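Here is a walk through one protein model, taken in short steps. Keep the structure in view while you read.

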Amino acid sequence: MTPIPAARRAGLAWVALALLLAAGALVVDRWGTASAVDWQPGRIAGEPWRAWTAAFVHLSPRHLGANLAATALLAVIGWRLGLPARAALAWCLAWPLTHAGLWAMPALRHYGGLSGVLHAAVAIVGVSLAWRGPGRWRWAGALLLAGLAAKVLLETPWRAAVQVSPHWDIPIAPIAHLTGAVAGALCAVVVDAWAGRRDA
């Protein structure tokens, strides 16, 4: 059996986390009750698991399908780039922080979906490339971060807790995209700095 190259082995933790997120979404879609696991700011103090399980709740088959496709794409990107375990750690930490950030929008009484956590992953990929990527990959990371920032700002997440888009069959909460992007970028920087100091 041919051994897995070191770069691909490095991406395994990232792929495993993507698979966990996708599996959780499929399980909740098939057997779960959204109100038992979605984000509800009034219940989070007594039910802290909602900071994780909110990612598994989807409001329509299209919502679920789009997020699963994006999760698969990010898994492949992480695998192909050979993202180190610290990138997966940053993504894991950004997962609950993405939803904790929703307290910034108290009018958002319920939230569910992978999109906020996926925005965190995109930010982590961007930071990983911009900070540690070889040569022109650093420019690719910087452009990815700029594109992500533009997308989030164009969604005007401060305008309303829930917004209606002609492109979706559900109301969307762009604030989760913002909190995900910020959580992902911050966690990537902190984890990478910690790992660099430990390796020094």
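Predicted model: local features only at pLDDT ≥ 70, side-chain atom pairs only at ≥ 80, totals over all residues.

Begin with helix H2, residues 12-31, and helix H6, residues 85-100. Their axes lie 7 Å apart and cross at an angle of about 30°. Angles under 35 degrees count as roughly parallel, so H2 and H6 are roughly parallel to each other. On the H2 side, the contact is made by Ala13, Trp14, Leu17, Ala18, Leu20 and Leu21. H6 meets them with Ala85, Ala87, Ala88, Trp91, Cys92 and Trp95. By class, this contact has 12 nonpolar residues, with no polar and no charged ones.

Now turn to the largest pocket. Its space comes to about 790 Å³. The lining of this pocket has 37 residues. Nearest the centre lie Asn67, Ser115, His119, Trp168 and His177. Four helices each supply at least two lining residues: H5 (61-81), H7 (115-132), H8 (137-154) and H9 (174-199). H5 gives the largest share, eight residues. By class, the lining has 25 nonpolar, nine polar and three charged residues.

The second largest pocket holds about 250 Å³ of space. Its lining counts 18 residues, and Leu83, Pro84, Ser128, Leu129 and Arg132 lie nearest the centre. H6, H7 and H9 are the elements that give two or more residues to this lining. Which element gives the most? H7 does, with five residues. The lining of this second pocket divides into 12 nonpolar, three polar and three charged residues.

Conventions:
Residues numbered from 1 in each chain as written. Heavy atoms only, no water. Axes fitted to C-alpha atoms, helices over the stretch in contact; angles between N-to-C directions. Parallel < 35°, antiparallel > 145°, perpendicular 65-115°, else oblique. Contact = heavy atoms within 4.5 Å. Nonpolar A, V, L, I, M, F, W, Y, C, P; charged D, E, K, R; others polar. 1 Å grid on protein atoms, 1.4 Å probe; cavity = no way out; pocket = protein on both sides within 12 Å on 5 of 7 lines; lining within 4 Å. Points joined across faces, edges and corners; volume = space filled by probe spheres on them.
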